Amino acid sequence: MRVMKLAKVTAVLGATTFCSLAYGSGFAIQEQSITGLGRAFAGSAAVAEDGSTIFFNPAGLTQLKQREVDAAINYIVPQSDFNNSGSRLPAILGSGPLTSGSGSGDEAGKEAFVPNFYYVHPINDQIVLGLGVNAPFGLVTEYSESWPGRYHAVKSDLLTININPSVGYKVNDKFSLGFGVSLQYVDVQLTQMTDLGALMAMPQAADGKVRLEADDWSWGYNFGLTYQLQEATRLGIAYRSKISHHLKGDGKHWTSNGVKLFDENIDADLDLPENLSIALHHQINQQLSASADVTWTRWNRFQELKITSDGGNFDLVKPEKWQNTVRYGLGLDYQYDEKWTFRTGVAYDETPVSNEFRTARIPGNDRKWISIGASYKATENFILDAGYSHLFISDPKINEIDSRGYVLAGEYEAGVDLFGLQLRWLML
């Protein structure tokens, strides 16, 4: 009876990480446009040069005069090396150091491919339809099962698929409106180790494993406007709604030799946040244009997350205390000739996570972007776009204490490289 009671505590520990991932994996994926990638996504709600305006501002569809298919792939390469400095057992277990089978540090970031697809279909001079398929939220982090923070996190994998039919309507020569509906699928998988050795007063002598999986379909919407302030200057304002998910799935907890301790259905609510973007695009001369934007995201919806399970072994309410964020971007486009266009941009992107509530699943911090890109018009029908960004991330410090008192303390060395390729097919 005593063993099962303590095992229940370790199962609840697993639920704690589910909360961390749910908020952390709400981290938005900005990579919805390869042309945008080349200018650090500056001014994306106003530029409207290809089908990605379906995501950033559907009113921009009225700037596109012919049918168009855009197919893109983004390759995301994060670096997140953990340097341990004082991770330890709970005081009740002696406060000894958390050991590791693979050295004092570990690599958290995992490479990921993120595709985008857009289709644009003008109906007449006033109405343009669009369809976008992309992944607006996501996360993949994975550590070894023997790193010092294994009782806090091992694998965090969140996938979203967003299907976004849209329409743009040209009110007059200066003013356009746009609206879209987002049908969104979310799938979450989390794992971590549990200290079963502590049940026999031998902490870290034997580890168990917790895995939580859940998914859901839900929906939201986006809308926007564009206004031609003057012939060379366009204003764009765009809004994407929150999407509320009720995740259902199962939680499992078993020993290292495969003996199952718990297997229960789990439920959790997850609100993916709304955002508002205000952008400008200005044609400086025939070759050079500038873009800028400010984008606000309402992350402060994530104050806590409640988990429930059939038998109560994964029940938990965990505080998160996320904060609203603002992103600032500035970019330039230079049309060298009829075939080549070059881009560059910079941006500053705030993190919603405070130092106090940072977790091993989301070891992020404020980021500075620097980007370059180019487009090559191979024929009248086909354009090839490429982009690259490097994200400089302020080294995140972590002092995460879980519900049983296990302390993960240290610092990450972090950065991200982003590569993107896109083929645009213009149906003349």
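Me: How far is the backbone oxygen of Lys155 from a polar atom of the side chain of Arg361?
Reply: This is a predicted model, in which local features need pLDDT of at least 70, side-chain atom pairs count only at pLDDT 80 or more, and totals for chains, interfaces and linings use all residues. Residues are numbered from 1 along each chain as its sequence is written, and side-chain values use heavy atoms, with hydrogens and water left out. Arg361 lies in the loop between strand 17 (340-349) and strand 18 (367-377), strands being DSSP runs of E of at least two residues and helices runs of H or I of at least four, numbered from the N terminus. The distance from its side-chain polar atom to the backbone oxygen of Lys155 is 2.7 Å.

Me: Which side chain of opposite charge is nearest to Arg361?
Reply: Arg361 is buried, a term for under 20% relative accessible area, with exposed over 50% and partly exposed in between (1.4 Å probe, protein chains only). Arg361 has no salt bridge, which would need a side-chain nitrogen of Lys or Arg within 4 Å of a carboxyl oxygen of Asp or Glu. Lys and Arg count as positive and Asp and Glu as negative, while His and the chain ends are not counted. At 7.0 Å, the nearest side chain of opposite charge is Glu400.

Me: How many residues apart in sequence are the parts tied together by Arg39 and Asp333?
Reply: The side chains of Arg39 and Asp333 form a salt bridge, 2.7 Å from N to O. Arg39 is in the loop between helix 2 (34-38) and helix 3 (44-47), and Asp333 is in strand 16, so the pair joins parts whose separation in sequence is 294 residues.

Me: Are Arg39 and Asp333 buried or exposed?
Reply: Arg39 has a relative accessibility of 2%. Asp333 has 8%. By these values Arg39 counts as buried, and Asp333 also counts as buried.

Me: Which residues are linked with Asp333 in a network of salt bridges?
Reply: Asp333 also meets the side chain of Arg343 in a salt bridge, 3.1 Å from N to O. Arg343 lies in strand 17 and Asp333 in strand 16, so this pair ties together parts 10 residues apart in sequence. Arg343 is buried at 5% relative accessibility. The residues linked with Asp333 in the network are Arg39, Glu49 and Arg343.

Me: How many salt bridges does the structure hold?
Reply: One of them joins Asp250 and Lys252, with the closest N and O atoms 2.7 Å apart. Lys252 counts as buried at 18% relative accessibility. The number of salt bridges in the structure is 19.

Me: What is the geometry of the pair of rings of Phe82 and Trp147?
Reply: Rings of Phe, Tyr and Trp (its six-membered ring) pair if their centres lie within 6.5 Å; planes under 30 degrees apart count as stacked, over 60 as edge-to-face and the rest as tilted. By this rule there are 23 aromatic pairs. For Phe82 and Trp147 the centres are 5.4 Å apart and the planes at 90°, so the pair is edge-to-face.

Me: Where does Trp147 lie?
Reply: Both Phe82 and Trp147 are buried. The pair links distant parts of the chain, 65 residues apart, with Phe82 in strand 1 (residues 67-84). Trp147 is in the loop between strand 5 (138-142) and strand 6 (155-170).

Definitions and conventions
A polar contact is a pair of N or O atoms within 3.5 Å; within protein, one must be able to donate a hydrogen and the other to accept it, and residues adjacent in sequence count only if both atoms are side-chain atoms.
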